[in-house]
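Please read the numbered points with the structure open.

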Amino acid sequence: PKAQKLVKIVKKGEEEMNFFDLFDLSRGGMSFVTTISEKYPKGTKIKIVGFDAFDLDDPLFGTVMSHRNVDDSGMDVKVGVKFDEGQE
C-alpha cells in the first residue's frame with residue numbers, strides 16, 4: 001500500500017487482537033511487519049479481522065508461510081501469510 005495501513009490480526013487459539021503495519025496484500029495472501037516475529041512462527045494460523053478502522057464482516061483466515069528481514073537492522077520482520085483456500 002502507498003499509505004501506511006494497519007491490519008488487525010488474531011492468532012488462532014487467542015482472543016487478543018494485534019495491530020501491525022500492512023506490507024502488501026493480494027488475492028492469495030498478504031504480509032505484515034512486526035518486531036515480534038517469534039510470536040508468529042511458520043505454520044501459525046491467523047484470522048484477519050480488519051484494516052485500519054474497517055472491520056471485515058467475514059474474517060479472512062491464513063497461515064504464516066515466511067519470515068524475511070525488512071532491512072539490515074534485523075529489527076523489523078516481514079511475515080508472509082497465505083490465505084486459506086475456499087475464501088472469497
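1. Thr63 is placed in strand E5, where strands (E) are DSSP runs of at least two residues, numbered from the N terminus. The model is predicted, so that local features need pLDDT of at least 70 and side-chain atom pairs count only at pLDDT 80 or more, while totals for chains, interfaces and linings use all residues. Residues are numbered from 1 along each chain as its sequence is written, and side-chain values use heavy atoms, with hydrogens and water left out.

2. Is Thr63 buried or exposed? Thr63 has a relative accessible area of 14% and is therefore buried; the term means under 20% relative accessible area, with exposed over 50% and partly exposed in between (1.4 Å probe, protein chains only).

3. The side chain of Thr63 makes a polar contact of 3.0 Å with that of Lys45. Such a contact is a pair of N or O atoms within 3.5 Å; within protein, one must be able to donate a hydrogen and the other to accept it, and residues adjacent in sequence count only if both atoms are side-chain atoms. Beyond neighbours within four places in sequence, Thr63 is in contact (heavy atoms within 4.5 Å) with Gly43, Thr44, Lys45, Gly80, Val81, Lys82 and Asp84.

4. Ser66 also belongs to strand E5. With a relative accessibility of 18%, Ser66 counts as buried. Outside the four places on either side in sequence, Ser66 is in contact with Lys42, Lys78, Val79 and Gly80.

5. Which strands pair with E5? Pairing requires that DSSP finds at least two bridges between two strands. E5 (residues 54-69) pairs with E4 in the antiparallel sense over six bridges, and with E6, again antiparallel, over seven bridges. In the latter pairing, Thr63 stands opposite Lys82 of E6.

6. E4 and E5 form a hairpin with two residues between them, and Asp52 in the turn has a positive phi of about 50 degrees. Phe51 stands opposite Phe54 in E5.

7. Setting aside neighbours within four places in sequence, the contacts of Phe32 include Val7, Ile9, Tyr40, Ile46 and Val81.

How values were computed
Helices (H or I, at least four residues) and strands (E, at least two) are DSSP runs, numbered from the N terminus.
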